[in-house]
Amino acid sequence: MDLRVDQPLLLLISLPILIYFIWIWNKDRKHWKKEGLVVFFIRLLAILCLILGLTNPYLLMPIKEEQVVFLIDRSASVQGTEQQVSEWIEKSLDAQTDKHLVGVYSFAENFQSEIALTNEDIKLPVLSPMDLPGNTDIAKALQLSTGIIDPNKATRIVLFTDGIETSGSVADELMKMTGSNVTVDVVELERISSEDVAITTFETPPVAFEGEQQQLNVELEATKATNAELLLYQNDELLSREQVSLEQGSNSFTFRNTSKGEGLLKYDVQVIVQGDALIENNKLTSVTNVESSPRLLIVTNEDATTNITQVIDQEAITTDVISASSLPYDLSNYLAYDAIIFDNVPGHLVGEQKMNVIEQAVKNFGTGFMMVGGQNSFGLGGYFKTPIEKLLPVEMEVKGKQQLPSLGLIIVMDRSGSMAGSKMEYAKEAAARSVEMLRDDDYLGFIAFDDRPWQIIETEPLTDREDAVEKILSVGAGGGTEIYSSLAQAYEQLQPLKLQRKHIILLTDGQSSSSNDYQTLIEDGKENNITVSTVAVGQDADRALLESLAEMGGGTFYEVQDESTIPAIMSTETAIISRTYIEDNPFYPTIYGDPTWSSLFVEGVPQMNAYIATTAKQTTNVIAQSEKEDPVLAEWMYGLGRTLAFTSDSTGAWSGDFARWNNWGDFWNTAVSRMLPSYSEVPYTIQKASDGSYTVTDPSGKSSFIEVAAVNEKGEELEVSSEPLAPGKSRVTVESEPGLVFFRVSNEQDAVYQAGISIPYSEEYKVQQPDVQKLQLITNRTGGELLSEPAEAFRDMDVTSSEKQPIRQMLILIAIILFFIDITIRRFGFKQLILPFKKPKKVITPSTTTKSSNMEKLVREKKKR
């Protein structure tokens, strides 16, 4: 028995009162008679009783009775365990004593009583049928159990479960139970072993285009190897019936179907297995919204031919083929297409302005993009540091994978007055970009010329990249044009250098003011392994001279009408001489586990001849990889658009056996499907949350309130609970059987949207092992144990049982009595208080002698006066 108080801080009131009584004691105790001392202590005791009464005191009286509650999970995930649980409980009851109250309850999604709490001997009856076994709500079961018991008594809940909860949060409920008299022991349950095959996932594209080849992915889980029949339905019409062999564990299958018409398309997949334990997990539904045929733009080199059109399904995809130089400048022209493919296109034919527009179309409007390899693509195509490189899943730079040749590069750039303006700015940017592509060991020189050469950067190893870029960008325009002396100075500086590659890039928009012997200069340079490429900017450039210089010097001649293509040209030139990009050793690519792609390679991976080396970006999904760990096929999301990089070619010269592969057409159709926009331009978006609810949002922000109605395929209106989260955003919960549910979403402006939502079967029906971590969480949070022996259910409890016995009224009564005693003593005296308890004394009649003595005293007193 313990004395406790609810409000201990009120005891502080006694401090000033105690000080006051001490002060009174020290001041007046010498003058107090016996009655004063008694009154002092009575008052002190009465006041202390009142102060203690204010704190709401109580006595904790021990309780011998203890409660043991058996709580049985009856959900589908532990189907067939009822007999096992009943036998376990009956064995445990042998250890029951007179102090134990026992109750038996069961639960799934709901909670029901089997035997109410009693201290009598019980015999477990046949468990009553369980409603709604398709979900498990452990939190709700614990909450209702703790509501039934007496909270003052020590209680043990013996929970029979596999820990798989599909509703509620047991972790949150355990927080509420902290500090209570309840401990929870767990007996782990597992579904009785039987042969079962479950369809775990069924994925179809959320949005598809009319005529597009859709990829339908199915995953099944089998408890053991068996044979099954797999059926696929489209809008309740049988599309496919296949006999399949299943291995123990996970099995994946892929269907391909070309959609026809527009609107909502329902797919059902079903597996039939003889002797299957659960039929609830044998069917799944998925929905695809079919839109009008997609449009694809294929961009080629100047010849405007491509092999891609020969292998894709052009009946399903509207395809346009144009050359790179014919690409439009306006964004609206690109938004007319759902996807764009660059098939071996050099960057200088595209230009920075068009690249910027394409990047915006991909990033902000969801247009897909794919770059296909070849000798004019990726790094060799001059895409280093361009907007196209930014949107691709790979970098053009090859990072530390091979020994690269030593290099000396001199850029000879026209800075005459005619270069002023955008030509000069693009030229300087191009030169700066070339500097960024060089290694620290490479030699770099930069000569700007007008009517004479100006050595801006001395030809020496590159040590300070930032300083070199700053010097290039500081060059201004002015003066005439004299080419030969500057070119000769570049040759003179490169000749003595012991390098594997020595290259000059000459860029000008005019004609030289003098005529010199270029042939001798270049021939002497070729003996020292020096090459030269030339760039003619604009119509005024000496095209004939520059073309002949490039031809004699073993380089490339570029004619530029669009100044924005200059950076791509310089990047191409620098890439060609500074890196070994083409990997031309035949190999078998390694394919990674994305089912969209890996399903194409079930029968094997063809050999590939060559590809362009690149480096995958950090978040890239690499689908195919070379033996040197370079990406061959990679994809990622850039803003709203998906982009792909295929570093081999489409002709077969590099792709080798891929071009003769049976699935070559499916490969390109899959690539196009992956690029097509994955979003639908509808007024509302619907996303499923992990708890099974749906978040409905108006992305336009035009809605303040959203109203959602739901109807199943039978035309029955379903109960919908909607919780507003923000203006134009609500969380919606729908009570429905597995299958297809149609949402009708509207707002206060009568904008209506209809969508189909697939409701899968409950997690209860999946083939899965008990959640041991969840079981350990329950026992750890409540001080319970994982039980193995039935008798442990009635072992001694660590917590003690007690109940409160309030004593406030008793203390107040004592204080009142003490105050009455105090008043009585002060009014009538202490003798009067105890008079009723004393025996009366005998009355003695005074004698004559006594009277005489008194008279004598009076006489003596009179004489004294």
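**Chat about strands, helices and cores**

Me: Hi! How do S25 and S26 pair?
Reply: Strand S25 (residues 530-537) pairs with S26 in the parallel sense, over five bridges. Two strands pair if DSSP finds at least two bridges between them; strands (E, at least two residues) and helices (H or I, at least four) are DSSP runs, numbered from the N terminus. This is a predicted model: local features need pLDDT of at least 70 and side-chain atom pairs pLDDT 80 or more, while totals for chains, interfaces and linings use all residues. Residues are numbered from 1 along each chain as its sequence is written, and side-chain values use heavy atoms, leaving out hydrogens and water.

Me: Which residue in S26 does valine 535 stand opposite?
Reply: That is tyrosine 558.

Me: And what is the order of strands in that open sheet?
Reply: The six strands run S23-S22-S21-S24-S25-S26, with mixed pairing. At the edges are strand S23 (453-461) and strand S26 (554-560), each pairing on one side only.

Me: Which strands does helix H14 lie across?
Reply: H14 (residues 543-552) lies across S24, S25 and S26, at about 155 degrees to S26. Contact means heavy atoms within 4.5 Å; axes are lines fitted to C-alpha atoms, for helices over the stretch in contact, and angles run from 0 to 180 degrees between N-to-C directions.

Me: New topic: which residues touch the most other members of the largest nonpolar core?
Reply: Phe342, Phe369 and Phe646, in a core of 71 residues. Such a core is a set of buried Ala, Val, Leu, Ile, Met, Phe, Trp, Tyr and Cys residues joined through side-chain atoms within 4.5 Å. Buried means under 20% relative accessible area, exposed over 50% and partly exposed in between (1.4 Å probe, protein chains only).

Me: Which helix gives the most to this core?
Reply: Helix H17 (residues 664-675), with six residues.

Me: What about helix H3, which of its residues are buried?
Reply: In H3 (residues 82-92) they are Val85, Ser86, Trp88, Ile89 and Ser92. They cover an arc of only 160 degrees around the axis, so they sit on the same side of H3. The arc is that of the directions from the helix axis to the C-beta atoms.

Me: Which exposed residues are on the face turned away?
Reply: Gln83 and Lys91.

Me: And what covers the buried residues of H3?
Reply: The cover includes strand S3 (66-73), strand S6 (155-161) and strand S7 (182-188). In S7, six of its seven residues are buried.
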